[in-house]
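Please walk through the fold shown here, beginning with a strand pairing and ending with a pair of helices.

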Amino acid sequence: MHLLLKLIQERIAYKQELAKDYTKNNFANISHAKGELVPSVLNLLRLFKQEYLKNTDYKEVDLLGKLNAYLEKTIDVKIQRDLLLQAATSIMRPDFIISNNIETAIIEVKRYRKNRPIDPAINQLTSYLEAADLQNGILFLLNNENYECVREVKMNDNLYKIYIV
């Protein structure tokens with residue numbers, strides 16, 4: 001029952017954001033050359049953070065719905081939500097898998113506080129990347145800080161890039 005309520009809450013936030021009056025043309029200044037999915041999405045996430053994370057009253061489920069609609073309305077990508085990935089011993093569910101037909105990346109959204117370690121979230125995203133056979137992941141931290149970096153993680157002879165914003 002709790003999961004159903006979360007899904008309904010996320011869907012309401014999604015529909016509210018989708019109803020907002022802005023078009024992809026408003027975001028032309030952040031577009032990149034074809035094939036550069038990650039830089040375009042990182043710029044959109046920065047803008048989303050500026051607009052929505054001023055209000056800390058949002059619940060994570062609301063922000064996931066709003067982010068889904070925001071990405072859908074501002075960039076031409078295929079967005080998959082809650083896709084199940086099969087790993088050797090478990091089933092995983094990343095928040096978003098995005099693709100522009102040239103490249104694909106995973107976005108994992110986390111509430112983050114300064115005093116908490118970030119490594120568990122990086123490990124989780126790296127596991128998702130390994131299961132999906134992808135190299136690029138974005139860890140989107142729901143906070144008001146401007147902390148950004150890129151981490152390269154080596155796992156089982158593969159190198160993964162984790163963009164943290």
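I106 stands opposite G137 in β6, in a model that is predicted, where local features need pLDDT of at least 70, side-chain atom pairs count only at pLDDT 80 or more, and totals for chains, interfaces and linings use all residues. Residues are numbered from 1 along each chain as its sequence is written, and side-chain values use heavy atoms, leaving out hydrogens and water.

Strand β5 (residues 104-111) and strand β6 (residues 136-142) pair in the parallel sense over seven bridges, where pairing requires that DSSP finds at least two bridges between two strands, and where helices (H or I, at least four residues) and strands (E, at least two) are DSSP runs numbered from the N terminus. The open sheet is formed by six strands with mixed pairing, in the order β1-β4-β5-β6-β8-β7. Its edge strands, β1 (78-81) and β7 (149-155), each pair on one side only.

Helix α2 packs on this sheet, touching β4 (96-99), β5, β6 and β8 (158-164), with contact meaning heavy atoms within 4.5 Å. The direction of α2 makes about 5° with that of β6; axes are lines fitted to C-alpha atoms, for helices over the stretch in contact, and angles run from 0 to 180 degrees between N-to-C directions.

The axes of α2 (residues 37-52) and α3 (residues 60-74) come within 11 Å and cross at roughly 130°. The two helices are therefore oblique to each other, given that angles under 35 degrees count as roughly parallel, over 145 as roughly antiparallel, 65 to 115 as roughly perpendicular and the rest as oblique. In this contact, L44, L45, L47, F48 and Y52 of α2 meet L63, K66, L67, Y70, L71 and T74 of α3.
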